[in-house]
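Hi everyone, I'll keep this short.

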There are 2 protein chains.
Amino acid sequence: MLTIGQLAAYAGVTVRAVRHYHQIGLLPEPERDASGYRSYGAQAAVLLIKIRTLAEAGVPLGRIAWMLDADEPAFAEAIEGIDAHLRAEIDRLEGSRKQVAQLSAGNSLVLPPQVVAYIDRLREIGVSERMLAGERDGWILVSARWPDKVVEWIPDKFAQLEDPRVVRLYQVLSALTETEGTDDPLVMEAVDLLVELACIRDRSSTTPRTSRTRCRTRCSTILPTPSTTGPSGCAT
Amino acid sequence: MLTIGQLAAYAGVTVRAVRHYHQIGLLPEPERDASGYRSYGAQAAVLLIKIRTLAEAGVPLGRIAWMLDADEPAFAEAIEGIDAHLRAEIDRLEGSRKQVAQLSAGNSLVLPPQVVAYIDRLREIGVSERMLAGERDGWILVSARWPDKVVEWIPDKFAQLEDPRVVRLYQVLSALTETEGTDDPLVMEAVDLLVELACIRDRSSTTPRTSRTRCRTRCSTILPTPSTTGPSGCAT
DNA sequence: GCTTGACCCTGACGCAGCGTCAAGCCTCGA
DNA sequence: TCGAGGCTTGACGCTGCGTCAGGGTCAAGC
């Protein structure tokens, strides 16, 4: 006969675990010897190893108890379920490995790939990292609120970049975020471009250059949320 | 700005988890709006997704906190550790799948393969399942107490089976466990064989047949633990 | 204006599966 | 015979949230 320590060592579990199994009724309490020590036979070892095997496979102890007094077909079915669960878990961990690798690669995993592609496109155009960060933050907020809309919008955003004036606007705004001064001639150019693009949208896309002063007053009302420049506004 | 529900949904975690991360200081508490609701920005989403990614990889939250304010090389090293851990975990689960499959195959996984081979050999010889069960139980107890000795003993046990009288003894005892009666002629044969084999061991292996009566008295003292028949005694 | 349902808030307890003391008795090898 | 190590019960601790209680808030429809 075996003591609890011998049993536990043989089954590859801790003494504490065995006692826990007793407590919850998973493993029946054995006879005690004269001094009150638990005294185990071979059946207990067989049972305990079964329990350990299932527990290591992630089966909750309650379910193990259920399995142990289930009939043969039910047991086999349970085993099938456990195997499926193990396979799923392995797949999940494989996925997790990839995610974690992305994380260390500096990729933030935070945006859908289409948006990432769009931001990469902006980077190619020459947009500053500061402004890109703003873009990204804006897209995150937008994606969080309208997850499925974003995928629809991105093609339009790509299309806008076909217009060289939009590209130029991004470049100018980008340059502005890099420099400290505000009375730069770039500011004028930016305003011009904004006005022009805003007016196009307003008047159904067919209005040539308007006088600077007239449009500036109109555009000042538009500036707070210039939807042409992306979700984050101007990222100032 | 996002509410806690929007943030949680975007990051793929529960609201409760986000609050928990606040509680333990893993995610900083954001500003509140007029009504006391938490109001999150994009940075929080980035951070939360980082946290979720690591948490799903099995990294304890305390360690995640540590990682989040570690420098670049330390972070990279931690990621390497996490990946190693994930690989190990995947391997463990693969192993677990095999073990569980064994379990459903009826294999009890409880004995070292050498012992299993020995018991299979006994089965070939024609030993009854009842007696095999006894053998197995005995070996389990022995293996539990002297795990490394067992591997040494098994070759001897195999060698004993070379002797046709030992084989016959097993068969006879086996037949006895199957039948109910005790005054069977098989009993006499079993005793004869036991006596003979026991005497051989006693007198250094060179004593011919002794008279039945003389040996029987001697053997009766040996019967309780006849070491020739395996660890479980006679498995009565 | 009022209701309704979906959110949000804090605070607290609960859960698995043991680890880890504490404080005392038992066993075994030297 | 003695000291180290093993056994006993009992109890609290840990992680990572789930879940309930008992409220306030917001947006929409009637």
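So, how are H5(A) and H3(B) oriented to each other? Before I answer, this is a predicted model, where local features need pLDDT of at least 70, side-chain atom pairs count only at pLDDT 80 or more, and totals for chains, interfaces and linings use all residues. Residues are numbered from 1 along each chain as written, chains are lettered from A and ligands numbered from 1 in written order, and side-chain values use heavy atoms, without hydrogens and water.

Okay, the pair. Helix H5 of chain A, residues 72-104, packs against helix H3 of chain B, residues 42-56, at about 140°, with the axes 9 Å apart. Axes here are lines fitted to C-alpha atoms, for helices over the stretch in contact, and angles run from 0 to 180 degrees between N-to-C directions. H5(A) and H3(B) are therefore oblique (under 35 degrees is roughly parallel, over 145 roughly antiparallel, 65 to 115 roughly perpendicular, the rest oblique).

Who touches whom? On the H5(A) side we have A:Arg92, A:Ser96, A:Gln99, A:Val100 and A:Leu103, and they meet B:Lys50, B:Arg52, B:Thr53, B:Leu54 and B:Glu56 of H3(B); contact means heavy atoms within 4.5 Å.

Now chain A as a whole. Chain A has eleven helices and two strands, DSSP runs of at least four residues (H or I) and at least two (E). Of its 236 residues, 40% are buried, meaning under 20% relative accessible area with a 1.4 Å probe, protein chains only. And among chain A contacts between residues at least 6 apart in sequence, 56% join residues at least 24 apart.

Key
Buried < 20%, exposed > 50% of the residue type's maximum accessible area, 1.4 Å probe, protein only.
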